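I opened this notebook page to record what I looked up in the model, going from the overall fold to single elements.

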Amino acid sequence: MTTDQATAPSTLRKTVGTLVRVVLFGLAIYALWRWVDWARVWDALSSMSPVALLIAVALASADRVLMGFKWRQLVRAAGGSMRLRDATNIYYQTCFTDLVFPNVVASDGLRVYLGRRLGLSLSMLLGSMAIERMVAAAVAIVLASAGLLYLAAEVEPQMRQAFLEIIALTAVIAGLGLLALWWTPLHRIAGRALREKVSPKIFQLLKRISAALVAYRGQPATLAINLVLAIAENSLQIVNFYVIGRGLGIRVPLLPFFAAIAVTALVRRLAMHVEGKALGEGAAVVMFALLGVQKDAAVALTFAHYALWLLASMPGAYLLLRSGVKFRD
């Protein structure tokens with residue numbers, strides 16, 4: 001295979017990714033221009049309670065520490081050594097990257113790079129990150145499913161069938177992801193398929209990553225603790241959204257609001273992988289519309305949430321600058 005042939009798929013992926021980002025961004029801009037009264041949005045934002053603003057930033061900051069603690073727990077269970085301060089610093093930097101850069105690859109790559117600077121092995125880093133994402137995704141799916149079922153029963157009963165189909169599809173995808181991470185026969189099949197296609201060095205790395213993933217199956221206590229931490233993290237983010245909504249004067253009953261945010265959180269998580277932050281924001285507006293929230297207020301809420309989370313992540317910008325990391329295409 002020539003160099004040009006090898007680079008062609010990479011170029012195509014970059015082109016498609018750029019096209020997806022441009023289309024989603026364009027649709028978001030058109031929707032905001034066509035349907036949103038920005039004078040009302042500004043009125044809502046300017047009238048936000050200062051107390052709610054401070055609480056929201058404090059909750060977002062606490063979330064950074066909790067995320068760092070959750071990841072550190074998995075690293076230590078795999079035999080690695082990491083201080084909570086270092087894990088929190090890394091998460092501050094990656095959270096800032098998540099909010100500024102258009103895809104999840106940049107933040108994951110940054111976490112691997114910073115973890116390697118701490119002396120952690122690549123297989124341990126990738127294994128712990130994969131398990132962390134698996135547990136977090138499982139919690140997000142369960143919460144979103146519960147939210148959809150509640151909304152179908154209490155708010156939009158005519159959409160019950162559509163919601164159930166969404167839940168079933170998401171559960172199937174989650175099951176396939178779990179098999180990919182933990183089913184040893186599948187690892188062997190993949191290994192045989194890749195053995196002749198990658199360099200021996202890469203193949204050995206893949207074997208170590210496989211071993212790191214499978215090793216977590218023998219640590220149910222570690223996984224249980226990480227599950228509890230993931231539930232706490234998701235709950236903290238939902239409460240943060242609720243505080244911002246109350247600060248903006250949005251008066252939606254507690255349970256419907258939590259249900260809508262649980263669904264939105266899952267969409268946001270998926271949107272990160274298709275490089276479409278606008279998709280997550282749009283889902284929030286749609287879910288609040290189902291609850292009777294006016295679109296201008298819903299836009300104000302999603303905008304305030306993003307802005308406050310970015311504000312809480314600004315220490316990550318300073319840490320990123322101090323670390324000397326430079327991003328290149």
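I first read the order of elements from the N terminus, and it runs α-α-α-α-α-α-α-α-α-α-α-α-α-α. I noted 14 helices and zero strands, where helices (H or I, at least four residues) and strands (E, at least two) are DSSP runs numbered from the N terminus.

I kept in mind that this is a predicted model, in which local features need pLDDT of at least 70 and side-chain atom pairs count only at pLDDT 80 or more, while totals for chains, interfaces and linings use all residues. Residues are numbered from 1 along each chain as its sequence is written, and side-chain values use heavy atoms, with hydrogens and water left out.

I then looked up burial: 42% of the 329 residues count as buried, meaning under 20% relative accessible area, with exposed over 50% and partly exposed in between (1.4 Å probe, protein chains only).

For contacts (heavy atoms within 4.5 Å), I found that among those between residues at least 6 apart in sequence, 74% join residues at least 24 apart.

Next I checked helix 10, residues 220-247: at 1.5 Å a residue its 28 residues should span 40 Å, and the end C-alpha atoms are 40 Å apart, which agrees; the expected span is 1.5 Å times one less than the number of residues. Glycine 249 follows helix 10 and has a positive phi, near 85°.

Last, I turned to isoleucine 189, which I located in helix 8, and which is partly exposed, its relative accessible area being 46%.
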